[in-house]
Amino acid sequence: MPSFFEPDEYVKSVFEIDFERLYENGFRGLMFDIDNTLVPQDEDATKQVKELFEKLSALGFKTVILSNNSEERVSRFAKAIPALYLSRARKPLKRGYNRALTLLKTEMDQAVFIGDRVLTDIFGARRAGIHCILVEYIRKGGEKPNLLRKIEDRLYKRP
């Protein structure tokens, strides 16, 4: 498998990430995808997500939402956290990741991207030189994987 499609880390959920360890290792900026990473598709921030972002802020992290979604969707979600954001990021193009680094006022070796898609999130972060963490995508009850998910699941054998 090409290394561009391999995350630096894989966890089941954003809530299992050891953010203290990341901070101790010099990371200061966190980039997050929204849908199927933090919450199911098109849902608002939950109490658990809000508490996570409060914890990250208390640890000293700067955070940004980096999403291919519309301005309306991303701004509504980001205001509830609160976090900086970039909508219509056009992942996996490097431009969105570089703009997020500028918002975070951090260098690529101090940033982490966290997302659920291999072909957009991980591929883009790798191309931009950013440490990346793949999370298991959140499914709504009974939802079946679409064709892209099936391709990703074959490309990257999730543990």
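A residue is called buried here when its relative accessible area is under 20%, exposed when that area is over 50%, and partly exposed in between, with a 1.4 Å probe and protein chains only. By this definition, buried residues make up 48% of the 159 residues in the chain. The model is a predicted one, in which local features need pLDDT of at least 70 and side-chain atom pairs count only at pLDDT 80 or more, while totals for chains, interfaces and linings use all residues. Residues are numbered from 1 along each chain as its sequence is written, and side-chain values use heavy atoms, with hydrogens and water left out.

The secondary structure of the chain comes to 6 helices and 6 strands, where helices (H or I, at least four residues) and strands (E, at least two) are DSSP runs numbered from the N terminus. Read from the N terminus on, these elements follow the order β-α-β-α-β-α-β-α-β-α-β-α. With contact taken as heavy atoms within 4.5 Å, 65% of the contacts between residues at least 6 apart in sequence join residues at least 24 apart. The accessible surface of the chain comes to about 8100 Å², of which 50% belongs to carbon and sulfur atoms; such areas come from the Shrake-Rupley method with a 1.4 Å probe, and for residues only the protein chains shown count as cover.

The interior can be followed through its nonpolar cores, each being a set of buried Ala, Val, Leu, Ile, Met, Phe, Trp, Tyr and Cys residues joined through side-chain atoms within 4.5 Å. The largest of them has 27 residues, of which Phe19, Phe32, Leu38, Ile65, Phe77 and Ile114 touch the most other members. Two or more residues of this core come from each of helix H1 (19–24), E2, H2, helix H3 (71–80), strand E5 (111–115) and strand E6 (131–135), and H2 gives the most, with 4 residues. Apart from this core lies another, of 20 residues, among them Val64, Leu66, Ala89 and Ile130. Phenylalanine 19 touches Val14, Leu30, Phe32, Leu52, Leu56, Leu59, Phe61 and Ile114, when residues up to four places away in sequence are not counted.

Phe19 also belongs to an aromatic cluster, which it forms with Tyr23, Phe32, Phe53 and Phe61. Rings of Phe, Tyr and Trp (its six-membered ring) pair if their centres lie within 6.5 Å, and planes under 30 degrees apart count as stacked, over 60 as edge-to-face and the rest as tilted. By this rule the count comes to 6 aromatic pairs. One of the pairs is stacked, with phenylalanine 5 and phenylalanine 123 at 5.0 Å centre to centre and 15° between the planes. This pair links distant parts of the chain, since phenylalanine 5 lies in the segment before strand E1 (9–11) and phenylalanine 123 in helix H5 (residues 118–127), 118 residues apart. Phenylalanine 5 counts as buried, at 17% relative accessibility. The rings of phenylalanine 32 and phenylalanine 53 are tilted, because their planes are at 50°, with the centres 4.9 Å apart. Here phenylalanine 32 comes from strand E2 (residues 29–32) and phenylalanine 53 from helix H2 (residues 47–59), 21 residues apart. Phenylalanine 32 is buried, with a relative accessible area of 0%, and phenylalanine 53 counts as buried at 5%.

Glutamate 136 is partly exposed at 31% relative accessibility, and lysine 12 is partly exposed at 47%. Aspartate 35 and arginine 73 meet in a salt bridge as well (2.4 Å, N to O); aspartate 35 lies in the loop between E2 and H2 and arginine 73 in helix H3, so the pair ties together parts that are 38 residues apart in sequence. Both aspartate 35 and arginine 73 are buried. A network of salt bridges links Asp33, Lys91 and Asp121, and Asp121 is among the buried residues of H5, which include Val118, Thr120 and Ile122.

Key: A salt bridge is a side-chain nitrogen of Lys or Arg within 4 Å of a carboxyl oxygen of Asp or Glu.
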